[in-house]
Amino acid sequence: MITNQHFGEIPQSYLFSEVAERVRRFETQHPEARVLRLGIGDVTRPLAPAVVEALHRAVDEQAAAASFQGYGPEAGYGFLREAIAAGEYAALGVDVSADEIFIGDGSKSDSANIQELFSETARVAVTDPVYPVYVDSNAMAGRIGSFDGERWTGLTYMPCDDTNEYRPALPAKPVELIYLCSPNNPTGTTLSRDDLTKWVEYARETGAVILFDVAYRAFITGDDVPRSIYEIEGADEVAIEFGSFSKTAGFTGLRCSWTVVPRNLRRDGVSLNAMWLRRQSTKFNGTPYIVQRAAEATYGAAGRAQVQADVEYYLANARLIRETLEAAGVAAVGGEHSPYVWFRCPRGMDSWEFFDALLERAQIVGTPGVGFGPTGAGHFRLSAFNTAEATQEAAGRLASFLATLG
Ligand code: MLT
């Protein structure tokens, strides 16, 4: 054998590819249908004017010999690392320094690649349901056993549903790597300060490393919900954090993110910050200069206000989706500090059955909860990333569709 046999264990297609394929088939069979997409979390607002201006300026710099930039620093340009340290961390009263911040091309890549720092035998725990990238990347590395059609035999699942208010319990068996995401994708729920304190204490006691995804932190409103795990004392010795410009500033196409690997995070006598730098210098040549300048612009006064307005636009969509469900008697979570709304499918329908019915009868695309893990079975996710007009139309169609289910 010369191929990686672990790929043979992974379900045939990535969740969002399967959804896209079913929608493509439906549209081919029904060319007249006007399908409304509340599925994958892809933004629809154009880039903020301050971001576009920064892009133009950076392109002009690339056109002149005196300001042209070739390869950039592998960990990212100082100007952006400093802007993130100030804008995302100092602003919270948290001490994260620029040299602990690595610029990437998306949280998807970094959260998939980070597992390379850990041994083949490191045991992994994920909340369930979960962003599939954490699971699939560990499956490809052969770390989580085999897939029995529903679960990975070597993976610890931490179920989250309405029976535990979407708060994962500490793993019953020892684990070394713990993936947490707040605001959560897919459920839209958040972890409180007490929840995070419990996790940080657990990791400090056991030596586990927490991989904390805050790709949706810009959607948090108010001061009660932590925006970073480093708001919790001692987290800098146990946690890596992933942040992103994708959903905050409409960078799903441009691609820019950051990963914090604190200096104080050491295992087996080794600095994980040094390991990640080594990994990135070998396998990554950096996010384009013009994109890093664009990301920097989101921290200026104009950029900040513009991207905040976009976040509020999506949050209004999310509220409408949640209210529509609740008015139809369907209890939902998320949509408050998050662009995602999550609910149990009505009438005990399974996730794909609800997906097909919603597509065929209301021409709305959502995401089947079972695609995010076994506890997602019988659940469904709707995203707020469409336009306000499309979301209003979808809300009307959704209400009529739910009424027909009784
Ligand atoms: C989602 O819909 O869950 C996200 O768009 C996936 C991603 O950010 O990669």
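1. A definition to start with: two strands are taken as paired if DSSP finds at least two bridges between them. With that in hand, look at E7 and E8, which pair in the antiparallel sense over 4 bridges. Within this pairing, Glu241 stands opposite Val260 in E8. Please keep in mind throughout that this is a predicted model.

2. Now for the sheet to which that pair belongs. This open sheet has 7 strands in the order E2-E8-E7-E6-E5-E3-E4, and the pairing is mixed. At the edges stand E2 and strand E4 (155–159); each has a single partner strand, so one side of each is left without a neighbour in the sheet. From one strand to the next, the twist averages 20°.

3. On its E2 side, E2 and E8 run antiparallel and are joined by 4 bridges. There, Ile103 stands opposite Trp258 in E8.

4. Helix H3 (residues 78–89) lies across E2, E7 and E8, and runs at about 110° to E2. Helix H6 (residues 193–206) also packs on the sheet, where it touches E4, strand E5 (177–181) and strand E6 (209–213). The direction of H6 makes about 150° with that of E6.

5. While you are at H6, have a look at Asp195, which lies in this helix. Is Asp195 buried or exposed? Its relative accessibility is 9%, and because buried means under 20%, Asp195 counts as buried. Leaving aside neighbours within four places in sequence, Asp195 is in contact with Arg167 and Thr190.

6. At the N-terminal end, Ser271 caps H8, with a side-chain oxygen 3.2 Å from the backbone nitrogen of Asn273.

7. How are the buried residues of H8 arranged around its axis? The residues concerned are Leu272, Asn273, Trp276, Arg279 and Gln280. Seen down the axis of H8, they fall within an arc of 125°, so they line one face of the helix. In general, an α-helix has 3.6 residues a turn, so residues three or four places apart point the same way. On the other side of H8, Arg278 and Thr282 are exposed.

8. What do the buried residues of H8 pack against? Their partners are strand E2 (101–104), helix H4 (107–113), strand E7 (239–244), strand E8 (257–260), strand E9 (266–267) and strand E10 (270–271). E2, E7 and E8 in that list also belong to the sheet of 7 strands.

9. Finally, there is an open sheet of 4 strands, ordered E11-E12-E15-E14, with antiparallel pairing. Its edge strands, E11 (332–334) and E14 (367–368), each pair on one side only. E14 pairs with strand E15 (residues 379–383) in the antiparallel sense over 2 bridges, and Phe380 in E15 is the bridge partner of Pro368. Helix H11 (residues 351–362) packs on this sheet, touching strand E12 (340–344), E14 and E15, and its direction makes about 45° with that of E15.

Technical notes. Residues are numbered from 1 along each chain as its sequence is written. This is a predicted model: local features need pLDDT of at least 70, side-chain atom pairs count only at pLDDT 80 or more; totals for chains, interfaces and linings use all residues. Side-chain values use heavy atoms; hydrogens and water are left out. Contact means heavy atoms within 4.5 Å. Axes are lines fitted to C-alpha atoms, for helices over the stretch in contact, and angles run from 0 to 180 degrees between N-to-C directions. Buried means under 20% relative accessible area, exposed over 50%, partly exposed in between (1.4 Å probe, protein chains only). The arc is that of the directions from the helix axis to the C-beta atoms. A polar contact is a pair of N or O atoms within 3.5 Å; within protein, one must be able to donate a hydrogen and the other to accept it, and residues adjacent in sequence count only if both atoms are side-chain atoms.
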